[in-house]
Amino acid sequence: MTRVYNRRPDFIARSIMSAAAFVKEATLCEEHARYAGFLQSLDPRAKAITFLALLVTVAFLEQAALIGLVYCACLVLAWASKISPGYFLIRTWVFIPLFTLGIVIPAMFSFVTPGAALAAFDIWGVRFVITRPGFDGAVLLVARVAASVSLAVLLSLTTRHAELLKVLRIFGVPQVFVLTVTMCYRYLYLFATLVENIFTAIRSRVGVMPQRRAGRRVVAWNIANTWSRTTKISEEVYLAMLSRGYTGEPRLLAGFQLRLRDLVWALAVFVWCAGLLYLERR
Amino acid sequence: MNDIVFELQDVKYSYQKKYPALCGIDMTIRQGEKIAIIGANGTGKSTLLHMLDGLVFPDQGRITAFGQELSEAALADEAAAWKFRSRVGFVFQSADIQLFCPSVREDIVFGPLQLGVAANEVARRLAEVARVLDVGHLLDRVPQQLSIGEKRRVAIASVLAIDPEVYIFDEPTAGLDPLTVRHIIDLVVQANRRGKTIITAIHDLHIVGELADTVYVFGKDKKLARSGPVEQVLSDRAFLEAQNLVHIHGHIHEGREHVHPHLAFERHA
């Protein structure tokens with residue numbers, strides 16, 4: 001008989017259901033890509049290439065002020081793309097400390113980065129000295145991460161996920177790879193729903209998910225079951241593709257259309273990137 | 001006979017060579033026919049439909065399509081495969097299997113694009129099926145955002161866009177609301193009036209008469225138990241009961257409860 005522990009009620013089920021819900025939300029979260037904003041109006045290919053150019057430029061810049069210019073441009077673009085400033089700042093700045101604080105804070109101190117002292121303080125009799133090179137390096141890293149994350153978030157928020165995947169074609173990624181990744185993305189939702197249904201069914205019968213050993217057994221059994229169903233679905237999807245004429249070399253809807261606006265945008269971005277790099281080297 | 005679309009002679013098939021699915025099927029399907037395949041669960045209906053669509057092939061026996069042998073070797077030739085796929089369209093039972101593209105628009109045009117249809121013709125067909133199936137407002141949606149009825153309509157649209165001569169439907173009305181069922185029946189009937197051959201596997205005996213003129217009944221022994229005109233087959237109550245296709249249950253009509261077998265076409269007194 002399954003033993004139920006109430007100390008951590010439904011821990012396994014809650015974790016799995018939350019993960020499934022996150023996957024479902026992520027695959028459907030295209031709300032901002034549907035707004036009639038500036039970046040949404042651009043051809044995804046032009047957008048992807050120019051954002052890549054901006055990312056590379058940011059990686060080469062070593063003056064925080066110049067990187068700050070790129071970051072300010074991101075804020076303006078977010079506003080022009082009808083993304084609320086609060087939402088955009090939360091999406092970007094929530095992650096920046098996670099990635100940078102662990103590296104930046106120790107790097108500011110003299111025991112990691114020696115140099116002229118900028119500030120000093122004592123904690124429990126130990127002297128901590130923040131150095132000028134350490135501080136400058138920290139500012140540069142945070143600025144670079146902030147600008148890069150902002151660019152990536154802007155691109156993903158304003159472009160439909162399927163279009164973003166199709167853009168891979170312009171980088172020479174084979175059509176069949178793009179189709180496979182797109183289909184994986186499409187079926188993530190189905191499998192997340194499948195997992196949710198399994199655990200809802202378990203809860204409807206036993207009240208709460210069994211914990212510890214019994215819980216692990218249930219989870220393992222369901223992983224095997226989901227794997228088996230995944231294999232079956234993948235075989236059926238392949239048959240559905242064959243049925244509609246697929247012969248191994250997919251032909252997909254191009255859909256993209258370069259317009260004057262896209263060319264002007266691309267030209268402006270490339271000129272701006274060149275200008276930033278020129279100012280950097282001067 | 002030039003008008004024969006499919007001819008099956010003593011066709012046998014088993015899964016993994018162990019589990020029989022079809023045990024000696026003989027059938028002849030002619031152009032413009034409207035047929036229904038009925039039978040209890042596990043009688044081999046879906047396997048037969050997969051076979052007619054060239055997705056599985058007989059272990060024994062012979063199947064021809066449009067006068068040519070339908071075999072794995074025959075469909076290995078790309079030109080032959082394209083020709084066959086252009087002439088036969090299959091609407092799968094699960095719309096989630098059929099709709100594998102990231103958007104409704106891409107799902108509808110997938111078939112024509114694979115079959116080498118010209119871009120302007122693909123666009124024309126897309127507009128046409130979107131109008132006929134009333135899915136124009138769904139074109140940029142992702143399939144997982146659709147209701148079951150919408151998914152089924154899009155799945156049918158994805159086959160309609162190929163404009164095949166033969167439509168194969170596997171349980172096209174299962175789990176749908178009455179209005180969507182009516183819409184699908186109308187579509188099937190209209191397609192048949194345009195000369196299309198319709199092959200439908202179905203459980204709902206109430207609508208068999210509208211979806212088919214001829215019915216094939218599959219038995220638990222995975223063989224063809226009987227075939228013939230719909231009204232003739234479905235009026236044989238003893239036969240249908242033996243095939244687990246009708247059941248006796250209670251009804252309440254006009255405040256009066258009574259018990260009787262549940263049959264297609266039978267009107268309550």
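Helices (H or I, at least four residues) and strands (E, at least two) are DSSP runs, numbered from the N terminus. By this rule, the secondary structure of chain B comes to 11 helices and 12 strands. The radius of gyration, taken over C-alpha atoms, is compared here with a globule rule of 2.2 Å times the number of residues to the power 0.38. Chain B has a radius of gyration of 19 Å, close to the 18 Å that the rule gives for 269 residues, so chain B is as compact as a globular protein of that length. The C-alpha trace of chain B spans about 60 × 45 × 35 Å along its principal axes.

The model is predicted: local features need pLDDT of at least 70, side-chain atom pairs count only at pLDDT 80 or more, and totals for chains, interfaces and linings use all residues. Residues are numbered from 1 along each chain as its sequence is written, chains are lettered from A and ligands numbered from 1 in the order in which they are written, and side-chain values use heavy atoms, with hydrogens and water left out.

Of the 269 residues of chain B, 55% count as buried. Contacts (heavy atoms within 4.5 Å) were also examined by sequence separation. Among those in chain B between residues at least 6 apart in sequence, 62% join residues at least 24 apart.

The interface was examined next. Chain B brings 33 residues to the contact, and chain A brings 30 residues. Buried area is the accessible area (1.4 Å probe) that two parts lose on being put together, summed over both. Between chain B and chain A it is about 2800 Å², and carbon and sulfur atoms give 59% of it. B:Ile97, B:Phe100 and B:Gln144 supply 25% of the area that chain B buries against chain A, more than any other three residues.

Polar pairing was then counted. A polar contact is a pair of N or O atoms within 3.5 Å; within protein, one must be able to donate a hydrogen and the other to accept it, and residues adjacent in sequence count only if both atoms are side-chain atoms. Across the interface, 10 residue pairs are in polar contact, both residues at pLDDT 80 or more. On chain B, α3 (78–87), β6 (88–91), α4 (95–98) and α5 (104–114) each supply at least two residues of the side that touches chain A. The largest share, eight residues, comes from α5(B).

Side chains of opposite charge can pair when their charged atoms come close. A salt bridge is a side-chain nitrogen of Lys or Arg within 4 Å of a carboxyl oxygen of Asp or Glu. The whole structure holds 21 salt bridges over all chains. Two salt bridges are counted between chain B and chain A. B:Asp107 and A:Arg244 meet in a salt bridge at 3.5 Å, N to O.

Within chain A, A:Asp43 and A:Arg45 meet at 3.1 Å, N to O. A:Asp43 is buried at 3%, and A:Arg45 is partly exposed at 24%. A:Asp262 bridges to A:Arg259, with the closest N and O atoms 3.8 Å apart. A:Asp262 is buried at 0%; A:Arg259 is partly exposed at 41%.

In chain B, B:Arg30 forms a salt bridge with B:Asp3, the closest N and O atoms being 3.2 Å apart. B:Arg30 lies in strand β2 (residues 19–30) and B:Asp3 in the segment before β1 (4–15), so the pair ties together parts 27 residues apart in sequence.

Note on methods. Buried < 20%, exposed > 50% of the residue type's maximum accessible area, 1.4 Å probe, protein only.
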